[in-house]
Amino acid sequence: MDQLTQKELVRARYGGIAEAAGATSCCAPAASCCGPVGDPNSKSREMGYSEAELAAVPDGANLGLGCGNPQAIAALKPGENVIDLGSGAGFDCFLAAGQVGEMGHVIGVDMTHEMLKKARENAAKVGARNVEFRLGELEHLPVANNTADVILSNCVINLVPDKAQVYGEAFRALKPGGRLAISDVINKAPLPAKLKEDPALLCGCIAGAATIAETEAWLAEAGFVDVRVTPRAESRELISSWAPGSGIEDFVVSAIVEGRKPAV
């Protein structure tokens, strides 16, 4: 599948998720990009979000998507600037906004018009003045150089064909000394052809997953130091629920991806 076709598949899938979620208020659609989501909060608890975090965002911001909790490793501080790659309906953006406070700023970037509309509506509900949402692709971030102290992302980079370009853009957008706090799906064993070529799994965070070695190499090539890609063995049960009976949990795992832009 060529990159443009892959990107349009993902865009259409996420647009449908946003529209379906809007039709059912705070509840996500029956099938999300990462498997069935009957209860978004339940899925998010499995990813490591606390009850306090789930209660801190506006209704409709949490669609139960993702594969981990980048907030847990971000160590955000008051006054910091944050960019969220693939911000969806704004869940992680609103959590980050609460941590960086009025002196900080959060930018969510998403390529899906429907998700942006939903995120902006959610921001309006709570009068979030330190959060904004911008239309853009992760390979070409709509931000200036040296904008962010921290870049977050939750299970989105695996959906992008040119991951090396994403990490290069992340490096450009970070201030010197800035850091990555990313949850993503990593490939741990070669996918059988029938899984690798399944469009549903390509849009569902599976078929596009890179290996640890590839991810580390892309980060180093972009210029990052202190690179760590840490698989989360406890994610096996969550991943198995995305495509029950397919055995995908034997081939991919959720991982924490970290790196730092040198200070000088």
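Tutor: Happy to; here is the setting, followed by the two residues in turn. This is a predicted model, in which local features need pLDDT of at least 70 and side-chain atom pairs count only at pLDDT 80 or more, while totals for chains, interfaces and linings use all residues. Residues are numbered from 1 along each chain as its sequence is written, and side-chain values use heavy atoms, with hydrogens and water left out.

The chain holds 11 helices and 10 strands (DSSP runs numbered from the N terminus: H or I of at least four residues for helices, E of at least two for strands). Of its 264 residues, 55% are buried, meaning under 20% relative accessible area, whereas exposed is over 50% and partly exposed lies in between (1.4 Å probe, protein chains only). Among contacts (heavy atoms within 4.5 Å) between residues at least 6 apart in sequence, 74% join residues at least 24 apart.

Now to the part you asked about. A75 belongs to the loop that runs between α4 (71-74) and β3 (81-85). Its phi is near 50°, a positive value in a residue other than glycine. With a relative accessible area of 48%, A75 is partly exposed.

D226 is found in a strand, β9 (residues 225-231). Here too phi is positive, at about 55°, although D226 is not a glycine. D226 counts as partly exposed because its relative accessibility is 43%.
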